[in-house]
Structures are given as C-alpha cells and as structure tokens.
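Subject: Two-chain model, with notes

Dear colleague,

I am handing over the structure below, and I would be glad if you would read the notes after it alongside the coordinates.

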Amino acid sequence: MIENFLKVLICDDSMLIRKKLKEVLKSCGCNDILEAASGQAAIDIYKKNNPDLVFMDIIMPFKNGIEAVREIIEFDKEAKVVMASSAGTKEHVKEAIKVGAFEFVQKPWEKEQINKILINLK
Amino acid sequence: MFSQYFGQYLLTEKYLTKDQLKTAIDYQQSVHLKLGVLAINAGYMNAQQASEVHQMQSKVDKRFGEIAVDAAYLKEEQVEKLLSSQKFGHLLLAQALIDKSYMSLEKFEEAIYEYKKKYNISDCQFEALQRDDVDEIINIYVELEGDKYEVEMKKYIALFMKNIIRFIDSEVYTSKIMKVEEHKTKCAVTQKIKNSINFQTYINAKPDVFALIASRYAEEELTIVDELAKDSVGEFLNLNNGLYLVGMSNRGIELDMEPQSEFFEKIIYSTYVLPIELPFGRIELIISHF
C-alpha cells in the first residue's frame, strides 16, 4: 500500500457507510479523512478544510447530496465530488453531473472502484 | 430456496410431521440423488416403473439407467440429461425422505402432482422453480391479485429476496402474505418510494432477529439493537430500494425515495405484511400504499 496525501471528505447519513468507506480509503493509503452526516455539515466542513475529494450520498434528510454539491461547487469550481448512492437512476446521475460531480458510484461499491478513483485523481 | 417451499407444503398437507421434515433437512446435506427420483420428477417415468427398476437392480448387476433403457422406460438421451441435471434442492429433500422411509416413491409422485395442481404450476414454471428462479417463486407464492401495484410490488419483493440471499442468508422463504387493517411493529425501519408509484416499505423484526440482520449486513458482531444496528438495517433497506429505483429507471419509470427512518413500536394501518422465514428467525417485509 502506498500512502497518499489526499484529504477526503465522506458525506453520508449512514454511520455504517461512513465507517466502511473510511476503512476502504485507509486501506488505499488515505489517512486524512473527514466525515459529515448531512449535506449542510459537508458544506461547512468543505469550506473550512478544503478537501481534495468528496464522496457524497444523495438521499439524505434536510439537505440532500445534489443540493450540497451545488453549494460546494458554487464555493469552489475546482471541487472534486464523487456521488455515491444506491439510487443510481438515470435522473440522479444526470442531476449529479449537471451540478458538477465528476463521477457516480453505485452502492454497494467495490474497493477496486474506490481505488481507481483515487489513482485517477493523483 | 424452492426446497423450503416444497418442505412447507409437505408439512401443511400432512405428508410429513415436523420432526420428520427437520430430520430430513439435516440429512439431505449428505444425500446423493438417485436416478429414479430424477426420472419421476422429470415426468419420464412413473413411480411404479421406478419401483420395478429398483427391484430388478437387486437381481442384476446393472445401473438404474441401464435397466430403465432395457425396459424401454427411458431413452439413452434422457438418462444422460438426468445424470447431468442439477442437484435440485427439493429433490435432495425428497431423496432424504425416501432414504429415511418417511415417504415412498409413490407418495413423492403424488405430492409433486398435487403440488403443481394446487399452485397451478405449468411445466415451464416448475422448471424455473427448480432453478430457484426468485422472480418465478415470488410470482407463484405471493398473492397480490387485484392490487393496483401488483406487478411492481412483486418485482420489489423478488428484488428484496435476492438481496436477502446476497447479503443475509440464502436459506430463506416467504410465508403467506397478509393484508391487515393494522399492524404494530417491534423494531422496524422504513422508507418511502414515490412519484408515479407510491408505496412505503418496512423491515420489521423482534430485537434479537433485528440485531442479527444488522450484524450480517454490516459484517460486524452486533448483538443489541443500538444505533449502528438500526443504521445497518436501514441501510440494507436503502440499498434495496435504491436498486429498485435503478431497475425502474431502466424501464423508463423515474421514481424517487425519501431518507429511511426508524419505526419502533408503532402502528401501520391498512397494509400488506409478508413474513420472511430465515434460519435464525422471522422478519416481516411490510408494504403500504400512501
């Protein structure tokens, strides 16, 4: 495993998903990992910490992932956001790309998919 | 999966006692299918012919297939087909019952015949059942006739069962679906699917079973219903519903869903309750229109 220096933000209302994704990211060499349990928390953390990469869920209470990405991209046009959702419908993928996400990962994701994203980003 | 349904049928119709079924299920792991059972199941031979061949076997040093071909009960190609056929679950059960003398070949033939008749199962459907085709199993066993979302709900239930098999346990079957005026949950999570089709689904179980489902899905040891356990079962429902949305989207129907939430010790009015039996207990898939 080669250590990378990416700062990654995980936004998902599920603590299980955050935990599992964190484990995968760590096994891929990421050690600087931030977590948010809601869209609004992700925006706040992004503005404060300026991560290199964001994994964003879509279906979340209050502010969903699409709205959160829109605000993050408004704040930082260079933001790298991956939408990660079980609901990868055509409409959701279209919306995600429209607001500025550069990748869509259908849950349940495989470690290889996550690793590939990290490699492409480096 | 189909063997669970067939076993329950044998029990309900009093072909067997509960203890006999349990012993046979335990024993079936070590069972090897014999050609006679396969031939009857495929409809190539009747029970009397199979018994005759068995009797002949005790007199001549020949295999079942050879004797059956000599007697013109089977063709060579049918023997080959039978030999290469899969180890169908319900046949392993049948073989175990016959080996244990709980059932004769004749009774087995009768049970298969009555079973097909009871559920109005065509030969083509029966073949699909034997392959554990989940869509066909749900189509036959889950009665939702007359419901405006019958097709969509059956697709949903079939997907749910596939995900149970994939993530929780492969030894699973459904009991009879019920439509009830009110139903009180114990430990439940729920999520709404909406737009052109609107229904709300729940996973409900007693605390110990709920914790086990959570534990299997999370792949972590969870013994009590804590926040992680609730989150895990909720995420399982969310994953299933997300995949349902993707499937519908591929068919040109765009649906959406709300975030999942917990629903403990509350009443649901006018709803379907589908009991799902797992080796470690029962869960309920509850589906309501809204």
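This is a predicted model: local features need pLDDT of at least 70, side-chain atom pairs count only at pLDDT 80 or more; totals for chains, interfaces and linings use all residues.

Residues are numbered from 1 along each chain as its sequence is written, and chains are lettered from A and ligands numbered from 1 in the order in which they are written.

Chain A holds five helices and five strands, where helices (H or I, at least four residues) and strands (E, at least two) are DSSP runs numbered from the N terminus. Their order along the sequence of chain A is β-α-β-α-β-α-β-α-β-α. The C-alpha trace of chain A spans about 35 × 30 × 25 Å along its principal axes, and 42% of the 122 residues count as buried, that is, with 20 or more other C-beta atoms, placed from the backbone, within 10 Å of their own.

The contact between the chains (C-beta atoms, placed from the backbone, within 7 Å) takes 17 residues from chain A and 16 residues from chain B. On the side of chain B, the largest share, twelve residues, comes from H13(B).

Helix H1 (residues 15–27) of chain A packs with helix H13 (residues 227–250) of chain B at an angle of about 90°, their axes being 8 Å apart; the axes are lines fitted to C-alpha atoms over the stretch in contact, and angles run from 0 to 180 degrees between N-to-C directions. H1(A) is therefore roughly perpendicular to H13(B), a term used for 65 to 115 degrees. In this packing Met15(A), Leu16(A) and Ile17(A) meet Glu227(B), Leu228(B), Asp231(B), Ser232(B) and Glu235(B).

Within chain B, strand S8 (residues 281–289) runs antiparallel to strand S4 (residues 199–205), with seven bridges joining them, and Gln200(B) has Ser288(B) as its bridge partner in S8(B). Strand S7 (residues 267–278) of chain B is likewise antiparallel to S8(B) and joined to it by seven bridges, Pro275(B) being paired with Glu284(B). A hairpin of two residues connects S7(B) to S8(B).

With best regards

Key. Angles under 35 degrees count as roughly parallel, over 145 as roughly antiparallel, 65 to 115 as roughly perpendicular and the rest as oblique. Two residues are in contact if their C-beta atoms, placed from the backbone, lie within 7 Å. A residue is buried if 20 or more other C-beta atoms lie within 10 Å of its own, exposed if 12 or fewer, and partly exposed in between; C-beta atoms are placed from the backbone. Two strands pair if DSSP finds at least two bridges between them.
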